[in-house]
Amino acid sequence: MLIIAVRISITLLAGAVILNGWRLVRGPSVVDRILAMDTLSASAIAILLVSDIGRGTSIYFEAALLIALFGFVSTIALSKYLLRGDIIE
């Protein structure tokens, strides 16, 4: 049962990654592209964690933490740049 749930989850998350990539490439504004990048990193984290659950290991947990950290920092930096035109005050 767990294997089936993991496969379905990874399939749906892969679909979310494809749709986020489409929005990242085709987004009408920069804000849409930033949100797509943030959602793409969240989807990548979910794929890593679900695959770890399916395998019964915690090999990719550190990679998921790094993706979360870099995704958050890049979203904040790009948002600050759009608002003020400068990242460092």
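The model described here is predicted. The protein chain has an average pLDDT of 91, and 98% of the residues score at least 70.

**Confidence**

- Within the protein chain, confidence is highest in helix H1, at 95.
- Confidence is lowest in helix H3, which spans residues 61-84 and has a mean of 91.

**Packing of H1 and H2**

- Two packed helices are described by the angle between their axes and by the distance between those axes.
- Helix H1 covers residues 2-26 and helix H2 covers residues 30-55; they pack at an angle of about 160°, and their axes are 9 Å apart.
- H1 is therefore roughly antiparallel to H2, since an angle over 145 degrees counts as roughly antiparallel.
- The crossing in which H1 passes H2 is left-handed.
- Sorted by class, the contact of H1 with H2 comprises 16 nonpolar, 7 polar and 4 charged residues.

**Packing of H2 and H3**

- H2 and H3 pack at an angle of about 170°, with 9 Å between their axes.
- This angle makes H2 roughly antiparallel to H3.
- On the H2 side, the residues that make the contact include Val-30, Ile-34, Asp-38, Ile-45 and Leu-49.
- On the H3 side, Phe-61, Ala-64, Ile-67, Ala-68 and Thr-75 are among them.
- The contact of H2 with H3 divides into 14 nonpolar, 5 polar and 2 charged residues.

**Residues of H2**

- Ile-45 is located in helix H2, and its relative accessibility of 17% counts as buried.
- Leaving out residues up to four places away in sequence, Ile-45 touches Ala-64, Ile-67 and Ala-68.
- Ile-45 and Leu-66 are 21 residues apart in sequence, and their C-alpha atoms are 9.3 Å apart in space.
- Leu-49 also lies in helix H2, but its relative accessibility of 30% counts as partly exposed.
- With residues up to four places away in sequence not counted, Leu-49 touches Phe-61 and Ala-64.
- A distance of 6.7 Å separates the C-alpha atoms of Leu-49 and Phe-61, which are 12 residues apart along the chain.
- Ser-51 is a further residue of helix H2, and at 15% relative accessibility Ser-51 counts as buried.
- Apart from its neighbours within four places in sequence, Ser-51 is in contact with Ile-10 and Tyr-60.

**Residues of H3**

- Setting aside neighbours within four places in sequence, Thr-75 is in contact with Ile-34 and Asp-38.
- Ala-77 is also placed in helix H3.
- With a relative accessible area of 22%, Ala-77 is partly exposed.
- Ala-77 and Ala-16 are 61 residues apart in sequence, and the distance between them in space is 24 Å, C-alpha to C-alpha.

Terms used:
Residues numbered from 1 in each chain as written. Predicted model: local features only at pLDDT ≥ 70, side-chain atom pairs only at ≥ 80, totals over all residues. Heavy atoms only, no water. Axes fitted to C-alpha atoms, helices over the stretch in contact; angles between N-to-C directions. Helix = DSSP H or I, 4+ residues; strand = E, 2+ residues; numbered from the N terminus. Parallel < 35°, antiparallel > 145°, perpendicular 65-115°, else oblique. Left-handed = near helix turned anticlockwise from the far one by under 90°. Nonpolar A, V, L, I, M, F, W, Y, C, P; charged D, E, K, R; others polar. pLDDT = per-residue confidence, 0-100. Buried < 20%, exposed > 50% of the residue type's maximum accessible area, 1.4 Å probe, protein only. Contact = heavy atoms within 4.5 Å.
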